[in-house]
Amino acid sequence: MNSRKTRRKLFSFFFQLPSVFLYTVFLIFPAIASLYYALLKWDGISEKIFVGLGNFSELLFSDRYFGTVLGNTFISMLAGILIQLPLALILAYMVFRTVKGFRFFQSAYFVPVVISATIIGLMFSLFFNPVFGPVNTLLKDIGMENLTQNWLSDPKIVLFSVILPGVWQYLGYYFIILLAAMQSIPKELIESAVIDGANTVQIFHKIIIPNIKGMIQVCIVINLTGSIKTFDIPYMMTQGGPGASSTFLSIYMYKEAFIDSSIGRGTAIAVCMLLLAIGVTVIVNLLFAWINRND
Amino acid sequence: MKKRKIKPEILIKYIVLIAVAVLMLYPLFWMGISSLKENSDIFAKPFALPTDPKWENYTLAWETAEVPLHMLNSILYAVSAVIFTVIFSAMASYVIARISTGRKIYHYFSLGIMIPINAIIIPFILIFRRIDLLNTRQGIILAFVVTNLAFSIYILVPFMKELPAELEDAAMIDGCGRVQTFLRIILPISKGGLATVGTFVLLNSWNDLFLSLLIISKQDYITLNQVCYNMKAQYVSDYGLISAAVMILVLPVLVFFVLFQKQVVKGMTAGSIKG
């Protein structure tokens, strides 16, 4: 009996070993190490100098770019939750209440999601090329020459140019999640509302929204943390330029740590990224807990 | 036959839905038509269909981008990552879900899904440098496995908890050991969950740029996404060539999506399922 118990323990140990080992060494350990590196002045090779919170105060108070980078990240977050998610929600509802073409819309909207963000970034850098790109050509052809822009090099417009592709690409992602949530609402709820004479808009905010609130919350969290991490598309299109006008936290961290070899500063940016991600997650969850309580 | 009148709001709805579908598909379509045109045609009449399809763009892109080599790299990294992640996470999830039912270890893994790799990448890369994994195939595969492990366990554990106990018990009574039970009973009946995890890891690894840029720089080892990145710098004004390259990279993915649409959607949206 005893040996069976030992065998069970041994089995449990060895079966969990690969995952626990890899996860601890390559994920948890770097996470802890990050907290330490962020307190150093270090180029990765020469001696480490402990500077306490110096990197953070430098970033927050005297850095040329960090404010811009935070601002860009913030705008990208806003674009996500104020434009992308509402659009996805409305489209999902429209398709949800559609019989003909349901499958087609469902697939068509999801196509950009499966393509790698790298390719999407490459495509949009072709579209937005000021000399050769079809966007400016189209504007000229329809007589709106005054709207043509240096999409990728004008600091005032470039942020828009690098945020738009992401909004476009992942619209279908949120669309699909919200559509699936709507489909899991019991049919009787909607049918009885129709019998009671509720119109489309009433059904939307009296039945649909309350029933998919949990999924909306999940989407908001994924969306915000996604904006905080964003790298591929803007890096592909502009590498964060000109200056820092299309730089986001990941790109800034990447440049500081791996191009300028400022390991300490880079890690401090990464820690800011982590804190911001945890912060918005907590805020959104608290907000929804409060909404749920007040219902 | 009496013609049914279409309500105006339904008509408007369809117009909107179709317009959005066009917005979603047209950019790819544009890449498709451009891939068959001369550069001068693309610049002068960007929206015209190709009159005399220029297939040379494809042969040129195929050679310039060294597609076979890099596609093999991308496939090798992604498929290896899927195999290892699925095996390791299934093993751990089996123990967590059905033997030790340890909440603690599950919470320990759940922590990992809140830590984005971008936020810990610096020490991560320094460790890789220390143990000589930079610029190796093992290195990039390991990176893909590690970054997907926590999430895979996070979805697999609740899935395995739902499995019926009867089959497992019967196997144990028949004298199957734990390992055999795992291989012969648990893995086959967990197919659904494993497929979701597998697709998730496959797409994540296939679409990665961030980790590959940091781990691999040797020309022979780079992935398709890195090739894209390099091509952009070198051939930015050669629209025909780049469009053809993009089509070569996108078509296999689209075919995969069409064939396994349900699975792909499930894998990609697994992030929204609460465990």
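A residue counts as partly exposed when the number of other C-beta atoms within 10 Å of its own falls between the buried limit, 20 or more, and the exposed limit, 12 or fewer. The legends below describe a predicted model.

View 1. A:Gln239 sits in the loop between H10 and H11 of chain A. With 16 C-beta neighbours inside 10 Å, A:Gln239 is partly exposed, because 16 lies between the two limits. Its phi is positive, about 55°, although A:Gln239 is not a glycine. A:Pro242 belongs to the loop between helix H10 (232-237) and helix H11 (249-259) of chain A. The peptide bond that leads from A:Gly241 into A:Pro242 is cis, with omega near -10°. Most residues other than glycine have a negative phi, and most peptide bonds are trans.

**View 2. B:Asn135 in a loop of chain B.** B:Asn135 lies between helix H6 (117-130) and H7 of chain B, in the loop. It is not a glycine, yet its phi is positive, near 60°. B:Asn135 has 15 C-beta neighbours inside 10 Å and so counts as partly exposed.

**View 3. Helices H4 and H7 of chain B cross.** Helix H4 (residues 67-99) of chain B packs on helix H7 (residues 137-161) of chain B at an angle of about 35°. The two axes are 7 Å apart. The crossing of H4(B) and H7(B) is right-handed. Where H4(B) meets H7(B), the contact residues comprise 18 nonpolar, six polar and two charged.

**View 4. Helix H4 of chain A and its neighbours.** This helix holds 13 residues, 102-114. At 1.5 Å a residue it should span 18 Å, and its end C-alpha atoms are 19 Å apart, which agrees. Buried residues of H4(A) include A:Phe105, A:Tyr109 and A:Phe110. The run A:Val111, A:Pro112, A:Val113 and A:Val114 is buried too. Within chain A, the buried residues of H4(A) pack against helix H3 (66-96), helix H5 (117-127) and helix H7 (158-183). From chain B, helix H1 (8-34), helix H13 (239-259) and helix H14 (261-268) also pack against them.

**View 5. Helix H10 of chain B.** Residues 191-207 form this helix of 17 residues. From first C-alpha to last it reaches 24 Å, close to the 24 Å expected at 1.5 Å a residue. Of the 17 residues of H10(B), 14 are buried, so the helix is largely enclosed by the rest of the structure.

**View 6. B:Phe43 in helix H2 of chain B.** B:Phe43 is found in helix H2 (residues 39-44) of chain B. It is partly exposed, with 17 other C-beta atoms within 10 Å. B:Ala244 is 201 residues away along the chain, and the C-alpha atoms of B:Phe43 and B:Ala244 are separated by 16 Å.

**View 7. The contact of chain A with chain B.** Chain A supplies 65 residues and chain B supplies 66. Helix H1 (residues 2-37) of chain A gives the most to the chain A side, with 16 residues. That side of chain A has 47 nonpolar, 15 polar and three charged residues.

View 8. Chain A has twelve helices and two strands. Its radius of gyration is 24 Å, well over the 19 Å that the globule rule gives for 295 residues, so chain A is more spread out than a compact globule. Its C-alpha atoms fill a box of roughly 80 × 75 × 35 Å along the principal axes. Buried residues make up 44% of the 295 residues.

Key: Residues are numbered from 1 along each chain as its sequence is written. Chains are lettered from A and ligands numbered from 1 in the order in which they are written. This is a predicted model: local features need pLDDT of at least 70, side-chain atom pairs count only at pLDDT 80 or more; totals for chains, interfaces and linings use all residues. Two residues are in contact if their C-beta atoms, placed from the backbone, lie within 7 Å. Helices (H or I, at least four residues) and strands (E, at least two) are DSSP runs, numbered from the N terminus. Ala, Val, Leu, Ile, Met, Phe, Trp, Tyr, Cys and Pro count as nonpolar, Asp, Glu, Lys and Arg as charged, and the others, Gly among them, as polar. Axes are lines fitted to C-alpha atoms, for helices over the stretch in contact, and angles run from 0 to 180 degrees between N-to-C directions. A crossing is left-handed if the near helix is turned anticlockwise from the far one by less than a right angle, and right-handed if clockwise. The expected span of a helix is 1.5 Å times one less than its number of residues. The radius of gyration is taken over C-alpha atoms; the globule rule is 2.2 Å times the number of residues to the power 0.38.
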